[in-house]
Amino acid sequence: MKRYEAVVVGAGPAGMTAAVYLARFGIKTALAEQLSPGGLLLQTCEVENYPGFPKGIKGYELADLFSDQLESYANLTRVQGEISELKIDGERKLLHVDEDWLEADSVVICSGVRHRKLGLPNEDRLLGRGISHCAMCDGNFFRGQVVGVAGGGNSAVEEALHLTKIVSKVHLIHRRNSFRAVPLYVDRLKSVKNVVFEMCTVISALHGEKELEGVSLKRLDTGNEEFLPLNGLFVFVGFEPLSRFLPAEIARDEQGFVITDTEMRTNLPGVFAAGDIRSKLCRQIITAAGEGATAANAVNSYLEHAHG
Ligand SMILES: Cc1cc2nc3c(=O)[nH]c(=O)nc-3n(C[C@H](O)[C@H](O)[C@H](O)COP(=O)(O)OP(=O)(O)OC[C@H]3O[C@@H](n4cnc5c(N)ncnc54)[C@H](O)[C@@H]3O)c2cc1C
């Protein structure tokens with residue numbers, strides 16, 4: 001069993017920032033990631049609001065920059081694999097990864113979120129067969145075709161904008177009459193010709209055997225239902241925390257997001273959380289990175305006290 005002073009779970013913006021700060025404190029750290037480093041940055045086409053990049057930057061380029069910054073620290077180990085369990089044994093924290101266990105004095109949970117599903121029959125079967133949660137990854141499969149985007153927040157509107165440059169038409173399907181997304185993106189989308197706004201409308205059924213062929217739209221104002229043929233459907237209807245590996249005793253809000261104080265401390269001594277996994281309102285790259293730095297600082301204080 002390998003032993004570390006700190007283990008960071010998840011190499012998105014929060015985890016990679018926490019890891020840089022921990023390494024620079026001289027703390028023996030492991031950063032565990034189940035996929036490639038970057039987290040949701042890898043699903044983001046253009047990042048326009050990260051300070052220092054006035055012309056914007058592609059999500060995957062920013063992910064590479066975050067990741068490259070970790071390379072020079074000898075006290076930082078990168079562990080490839082999914083943390084499937086976190087056990088708290090007094091001061092010791094044990095993390096199960098593949099067939100192995102890591103032992104740690106402290107843990108920073110930066111596991112982020114995953115896209116919420118619509119919750120309709122056939123959804124799982126059609127995922128990857130017309131249904132996607134990533135315009136960046138899958139948009140090109142629908143070049144010149146007609147797609148739907150479900151949702152009304154920043155992700156939905158930003159990704160719809162990206163898709164308008166690739167596909168022939170985007171139907172933006174949103175159950176409310178107004179958007180939660182920032183007005184800048186909404187105005188930009190409204191100025192694009194190949195977008196049809198399907199407001200006060202929900203998707204009530206998904207159609208297609210081998211692949212998606214279309215959806216049933218239900219108009220909430222009239223109750224009318226109609227079939228809309230679609231080649232693809234991009235779903236951005238919110239997020240749920242990636243928290244299956246966490247112990248029951250860790251405090252969470254009613255949606256399962258981890259509760260911390262302003263120093264990123266959870267209710268369990270030596271266990272910290274940062275980024276989208278936290279119970280909070282603003283889920284962005286800059287907030288995730290900032291919380292990663294704060295968490296590392298709190299880990300450093302915790303270890304100083306724990307080790308006398
Ligand atoms: C489509 C889209 C567009 C966006 N656009 C913007 C934008 O323009 N500007 C902006 O500021 N924000 C944007 N965001 C939000 C931003 O991407 C997130 O707020 C940010 O990535 C959160 O960082 P994080 O490190 O908390 O989590 P994530 O980026 O989700 O990273 C979490 C990482 O943890 C890993 N992980 C999870 N569980 C485990 C486990 N058990 N074991 C090991 N690894 C694990 C995951 O694989 C992932 O790599 C966008 C999000 C989406 C979906």
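Is Asp98 buried or exposed? Asp98 counts as exposed, because it has 12 C-beta neighbours inside 10 Å and a residue with 12 or fewer is classed that way. The model is predicted. The chain is assigned two domains, domain 1 (2–114 + 239–306) and domain 2 (117–235).

- Domain 1 is made of two stretches of the chain, 2–114 and 239–306, while domain 2 covers 117–235.
- The centres of domain 1 and domain 2, taken over C-alpha atoms, are separated by 31 Å.
- Four residues of domain 1 and six residues of domain 2 make the contact.
- On the side of domain 1 that touches domain 2, one residue is nonpolar, three are polar and none is charged.

**The shell around the ligand**

- The ligand has 36 residues around it, and those that come nearest are Gly10, Gly12, Gly39, Gly112 and Gly275.
- By class, the shell holds 17 nonpolar, 13 polar and six charged residues.
- Both domains take part, since domain 1 and domain 2 each give at least three residues to the shell.
- Helix H1 (13–24), strand S2 (29–33), helix H5 (154–164) and helix H7 (285–306) each contribute at least two residues to the shell.

**Helices H1 and H7**

- The axes of H1 and H7 come within 7 Å and cross at roughly 35 degrees.
- This crossing of H1 and H7 is right-handed.
- On the H1 side, the contact is made by Pro13, Ala14, Gly15, Thr17, Ala18, Tyr21 and Leu22.
- On the H7 side, the residues in contact include Ile285, Ala288, Ala289, Gly292, Ala293, Ala296 and Val299.
- Sorted by class, the contact of H1 with H7 has twelve nonpolar, four polar and one charged residues.
- An α-helix has 3.6 residues a turn, so residues three or four places apart point the same way.

- H5 is largely enclosed by the rest of the structure, because nine of its eleven residues are buried.
- The buried residues of H5 are Ser155, Ala156, Val157, Glu158, Glu159, Ala160, Leu161, Leu163 and Thr164.
- Several elements cover these buried residues, including helix H4 (135–138), strand S11 (146–150), strand S12 (169–173) and H6.
- Strand S13 (195–198) and strand S17 (232–235) are also among the elements that cover the buried residues of H5.
- The axes of H5 and helix H6 (residues 183–190) come within 9 Å and cross at roughly 35 degrees.
- H5 passes H6 in a crossing that is left-handed.
- In this pair, Asn154, Val157, Glu158, Ala160 and Leu161 of H5 meet Tyr185, Val186, Arg188 and Leu189 of H6.
- The contact of H5 with H6 has six nonpolar, one polar and two charged residues.

- Most residues other than glycine have a negative phi.
- Asp98 is not a glycine, yet it has a positive phi of about 50 degrees.
- Asp98 lies in the loop between strand S7 (92–97) and strand S8 (100–109).
- Asn122 also is not a glycine and has a positive phi, of about 80 degrees.
- Asn122 lies in the loop between strand S9 (113–115) and helix H3 (123–126).
- Asn122 counts as partly exposed because 15 other C-beta atoms lie within 10 Å.

**The loop between S18 and S19**

- Leu246 has its place in the loop between S18 and S19.
- Leu246 is buried because it has 24 other C-beta atoms within 10 Å, and a residue with 20 or more is classed that way.
- Leaving out residues up to four places away in sequence, Leu246 touches Leu86 and Ile109.
- Leu246 and Glu85 are 161 residues apart along the chain, and their C-alpha atoms are separated by 6.4 Å.
- Asp261 is found in the loop between strand S18 (239–241) and strand S19 (271–273).
- Asp261 counts as exposed because it has 10 C-beta neighbours inside 10 Å.
- Asp261 and Ala273 are twelve residues apart along the chain, and 9.5 Å separate their C-alpha atoms.

Key:
Residues numbered from 1 in each chain as written. Predicted model: local features only at pLDDT ≥ 70, side-chain atom pairs only at ≥ 80, totals over all residues. Near = placed C-beta within 6 Å. Helix = DSSP H or I, 4+ residues; strand = E, 2+ residues; numbered from the N terminus. Nonpolar A, V, L, I, M, F, W, Y, C, P; charged D, E, K, R; others polar. Domains from an automatic or database assignment. Axes fitted to C-alpha atoms, helices over the stretch in contact; angles between N-to-C directions. Left-handed = near helix turned anticlockwise from the far one by under 90°. Contact = placed C-beta atoms within 7 Å.
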